[in-house]
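Me: Please take a close look at one part of this model, the aromatic pairs and the elements around them. I would like one connected account.

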Amino acid sequence: EKMLQNERIDLIIDSYDTTDDRFEYTALSAEKILLAVPAALPCNADSQELFAQTDDLYYGRIKAEQLPQIDLSRFQGEKFILLKTGNNMYQHAKCAFDACAFQPNVAFRLDQLSTSFRLTASGNGLCFVPDIMFKTHLYNEDVVFYHIKGAGSRTLYAVNSHSNHTTTAVQKFKTVAWSVMQQISQ
């Protein structure tokens, strides 16, 4: 944000829990936070009505909000892969743990969402992810997704400064980005 404020960059695309009056925020999409679980784990047995698979999300056969919210107790004893404190996805995980009065067994604390998902896909634990990841790319990993009580959702924004010289290119980019995200979200 400092680079945006100092006009070293023109635009940021990220999720924010709070806004700052120095910037202009354009909401691009709402993202449901899901728990990614390796499909081979026994906790998935006989629960097809509770989860979605990667292709279900990609092809829109199941939307995250259609999944029943479940408690984390189903995953007692499993290892969790969390992003580090300060990361927005960490805050969603913490809210889910608090809502379910759940103490996670944390195997890794990472900086990158994509790394945490890759570790989950290789069977190293469970991680929280935004559903938008699976609407834009068809992953071949054998992972299933649950809608967890308390994990919530977040909004992805295009953010620029309130500068008097916001370029036409930035405005057009935001318009196109909003349009693309609306198509993906349908």
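Reply:

**Aromatic pairs and their surroundings**

The structure contains 13 aromatic pairs; rings of Phe, Tyr and Trp (its six-membered ring) pair if their centres lie within 6.5 Å, and planes under 30 degrees apart count as stacked, over 60 as edge-to-face and the rest as tilted. One of them joins Phe80 and Phe102, edge-to-face, at 5.6 Å centre to centre with 65° between the planes. Phe80 lies in strand 5 (residues 79–83) and Phe102 in the loop between helix 3 (88–99) and strand 6 (105–110), so this pair ties together parts that are 22 residues apart in sequence. Helices (H or I, at least four residues) and strands (E, at least two) are DSSP runs, numbered from the N terminus.

The model is predicted: local features need pLDDT of at least 70 and side-chain atom pairs count only at pLDDT 80 or more, while totals for chains, interfaces and linings use all residues. Residues are numbered from 1 along each chain as its sequence is written, and side-chain values use heavy atoms, with hydrogens and water left out.

Both Phe80 and Phe102 are buried, where buried means under 20% relative accessible area, exposed over 50% and partly exposed in between (1.4 Å probe, protein chains only). Ring pairs link Phe80, Phe97, Phe102 and Phe128 into a cluster.

Phe97 is also among the buried residues of helix 3, together with Asn88, Met89, Tyr90, His92, Ala93 and Ala96. Just after helix 3, Ala101 has a positive phi of about 45°.

Strand 5, which holds Phe80, is mostly covered, with four of its five residues buried. Strand 5 runs parallel to strand 6, and five bridges join them; two strands pair if DSSP finds at least two bridges between them. Across this pairing, Ile81 stands opposite Phe108 in strand 6. Strand 5, helix 3 and strand 6 form a right-handed β-α-β unit; a crossover is right-handed if, with the strands pointing away from the viewer, the path from the first strand over the helix to the second runs clockwise.
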